[in-house]
Amino acid sequence: MTRIAAVHGVLPPNRYSQSEITDTLARVCLPEGADRRLLDRLHGSARVRHRNLVLPLGQYGKLDGFGTANDIFIEAALDLGAEALTGALEAAGIAPSDVDMIMCTSVTGIATPSLDARLVQRVGLRPDVKRLPVFGLGCVAGAAGIARLHDYLSGWPGHVAVLLSVELCSLTLQRGDASVANLVAGALFGDGAAAVVAVGDDHPGGRDGGPGRGPGSGRDREQGGGAGPSVVATRSRLYPGSERVMGWDVRDSGFRVVLDAGVPDVVRTYLNGDVAGFLADHGLAAGDIAAWVCHPGGPKVLEAVAETLCLPEGALDLTWRSLAETGNLSSSSVLHVLRDTLALRPPPPGTPGLLIAMGPGFCSELVLLRW
């Protein structure tokens, strides 16, 4: 089985309270003199207290189009991506030159050459490293990325594979757009990055506490390094007829969010059956899961997840904590929650966990873990 050797999450330095962000979006998104009660209500109910942004707040009103925002995305994504990747490799005790495959995911900017290609020399990866840039999965990509690392390492069990997620959601904000979808996105999404290091069964770190290290302590433990869980199995599910539930409309101004109010209803309709069937295939039920690692999609989505899965009180505490402290980081968020689970609430050895994320498609990704 694939073992997760380390998870490292990073945030940009500009940190603001929700109220500061709300006031800025009132100036950037609403017409002058417009009633801001809807904006205030949406931001107040988002359950977000703080977010980190790639730019100082005062600069968002000055962005003059998609090209400018995307240039900023590339520069900042490389800095954050390098920090996340080097931090994860350090926590895992693995040299950059030992990485055999890198998967890089983002849905908030585009780059050709891709971010992973631009990071090879900067980070010290080998020139023959296998690269897989991924665009379009959105929030589900953190879970789907781990699943695809597992697929790769099942075929190459002696290899090291890494997943890098960089999402700068604030750069997609649409100026002068007072639509509910844009205001909701402005209330929830933040900026951040995360990296996961995984090794296969035949790698020296595949069956023990890590290559050259035992269970992490100190800084390694804070980064999610040390004795991480193994990936037992994965399952993908695409829900037909749901293409307009979540995604982007690409405009001259950039990525305009598509965000349907029916997302919680899709969760209630499908998720319980998907989870129950997946677990049953492995002789498990929801009551056996010791750690629920869930993407913080937003309050209504999290409430729907807890309700439909009949989760015990506190099962999603780390997810709620992540939402409050950093907002929704798209594909990076579930990786931050996984890092926090490793660092703050690692379940007993031998117990199962389930990592869940959902995103555009509309789709879900389930990853069965064992500590």
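Author: The account below begins with the pocket and then turns to backbone geometry beside the lining helices.

The model is predicted, so local features require pLDDT of at least 70 and side-chain atom pairs count only at pLDDT 80 or more, whereas totals for chains, interfaces and linings use all residues. Residues are numbered from 1 along each chain as its sequence is written, and side-chain values use heavy atoms, with hydrogens and water left out.

The largest pocket has a volume of about 610 Å³. Of its 26 lining residues, V184, L188, L259, K300 and V301 are the closest to the centre. Here a pocket is an open set of points on a 1 Å grid over the protein atoms alone, where a 1.4 Å probe fits, with protein on both sides within 12 Å along at least five of seven lines; lining residues have an atom within 4 Å of a point. The volume is the space filled by probe spheres set on the points, which are joined across faces, edges and corners.

Two or more lining residues come from each of α2 (37-44), α6 (180-188), α8 (263-280) and α9 (299-309). The greatest contribution is that of α6, with 5 residues. Helices (H or I, at least four residues) and strands (E, at least two) are DSSP runs, numbered from the N terminus.

Most residues other than glycine have a negative phi. R47, in the loop between α2 and β3 (50-53), has a positive phi of about 65°. With a relative accessibility of 45%, R47 counts as partly exposed. C310, in the loop between α9 and α10 (317-326), likewise has a positive phi, of about 55°. C310 counts as exposed because its relative accessibility is 65%. The classes are buried (under 20% relative accessible area), exposed (over 50%) and partly exposed in between, with a 1.4 Å probe and protein chains only.

Residues 5-200 are 41% helix and 21% strand, with end C-alpha atoms 10 Å apart. For residues 234-370, the corresponding values are 37% helix, 27% strand and 12 Å.
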